[in-house]
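Please consult the sequence and structure shown here while reading.

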Amino acid sequence: MGGGADFETERGEIEDRLDDICSTYLAGLPAPIAAAVQYGLRSPGKRLRPLLLLFAYRAAGGTRDATLLACAPEVIHAYSLMHDDLPCMDDDDMRRGRPTVHKVYGSRTAILAGVAMIPLAARVVRDSARAMRLADQATTKVFETLLEASGAKGMIGGQLRDLAGEGLSLSLDEREAIHSAKTGAIIVASVRMGALAAGSDATEVAALERYGRSVGLAFQIMDDVLDVTSTTTAMGKTAGRDAVLGKSTYPALLGVDGARRRAHALIEDGLQSLADRKLLTQELSQVANFMVTRTS
């Protein structure tokens with residue numbers, strides 16, 4: 001990601017916390033499940049959701065160490081990828097440049113490991129809220145935000161609708177509604193959790209949520225673009241899977257250039273929402289611009 005050493009430092013701290021989670025939170029799980037959780041959680045990634053939570057927290061005036069809290073949506077995201085890759089879902093063999101969890105540990109173990117990561121994320125929220133000395137009301141709202149975004153109204157519901165839409169010709173509105181839930185819900189939750197932990201008022205939370213919705217949808221649009229313009233090696237996952245699965249994609253609906261224009265317009269809208277509330281920081285701007293300039 002553009003932005004140099006500062007982002008690398010932030011990511012390094014997030015990676016350290018993920019290591020801590022693997023070494024301290026997995027005790028008591030059966031060994032194969034623990035190994036699969038660790039493999040999935042320590043899969044190399046950009047850590048966009050933790051970064052968004054941290055940067056939203058700071059933009060809203062937060063001053064404590066929110067790194068552990070930032071890992072909670074990453075735990076949920078990692079579980080979602082483990083299940084998304086299963087043969088009964090998108091059936092993919094590669095993720096982030098290495099074999100997917102079910103290819104290494106088997107589908108049954110991958111399913112159970114993914115389920116185990118839901119209460120794991122809740123424990124991370126609980127412990128980070130205590131360490132940050134969040135008020136009970138703020139802690140409750142942070143919990144509710146993550147769990148609702150992970151459930152039927154968010155990620156799981158979006159995934160179900162995405163699977164149901166395979167082989168169908170969906171409209172742009174239908175496609176955006178699916179991805180606002182499947183991909184966007186956890187991204188919005190990340191910035192909302194950061195804002196709530198910092199004690200933001202309703203208008204600040206709304207502005208950050210609008211930013212999250214915009215960059216989340218832009219991210220998915222560019223994911224669709226990369227699926228048809230990049231390679232398996234560059235992306236670290238199998239290119240061309242959307243066409244194989246019969247998905248209605250943004251390039252198919254808008255053309256590659258049209259999809260890129262839509263993504264850029266969303267980024268501009270998200271950044272404007274922050275500027276209007278004086279919440280726009282260089283960090284949040286750089287993350288947003290990365291969403292539409294990434295090549296993998």
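What is the relative accessible area of arginine 260? In this predicted model, arginine 260 has a relative accessible area of 33% and is therefore partly exposed. Its salt-bridge partner is aspartate 257, which counts as exposed at 51% relative accessibility. Both residues belong to helix α15 (residues 256-276), where a spacing of 3 residues separates them by about one helical turn.

The whole structure holds 18 salt bridges.

| Salt bridge | N to O distance |
|---|---|
| Glutamate 74 and arginine 47 | 2.8 Å |
| Glutamate 283 and arginine 58 | 3.5 Å |
| Arginine 260 and aspartate 257 | 3.9 Å |

The salt bridge between glutamate 74 and arginine 47 connects distant parts of the chain, 27 residues apart: glutamate 74 is in helix α4 (residues 67-84), and arginine 47 is in the loop between α2 (31-41) and α3. Glutamate 74 is buried, at 1% relative accessibility, and arginine 47 is buried at 2%.

Glutamate 283 and arginine 58 also form a salt bridge. Because glutamate 283 lies in helix α16 (residues 282-293) and arginine 58 in helix α3, this pair ties together parts 225 residues apart in sequence. Glutamate 283 is partly exposed at 25%, and arginine 58 is partly exposed at 35%.

Helix α3 (residues 48-59) also contains arginine 49. This residue is buried but has no salt bridge; glutamate 74, the nearest side chain of opposite charge, is 4.9 Å away. Beyond its sequence neighbours within four places, arginine 49 has contacts that include Glu74, His77 and Phe219.

Notes:
Residues numbered from 1 in each chain as written. Predicted model: local features only at pLDDT ≥ 70, side-chain atom pairs only at ≥ 80, totals over all residues. Heavy atoms only, no water. Helix = DSSP H or I, 4+ residues; strand = E, 2+ residues; numbered from the N terminus. Buried < 20%, exposed > 50% of the residue type's maximum accessible area, 1.4 Å probe, protein only. Lys, Arg positive; Asp, Glu negative; His and termini not counted. Salt bridge = Lys/Arg side-chain N within 4 Å of Asp/Glu carboxyl O. Contact = heavy atoms within 4.5 Å.
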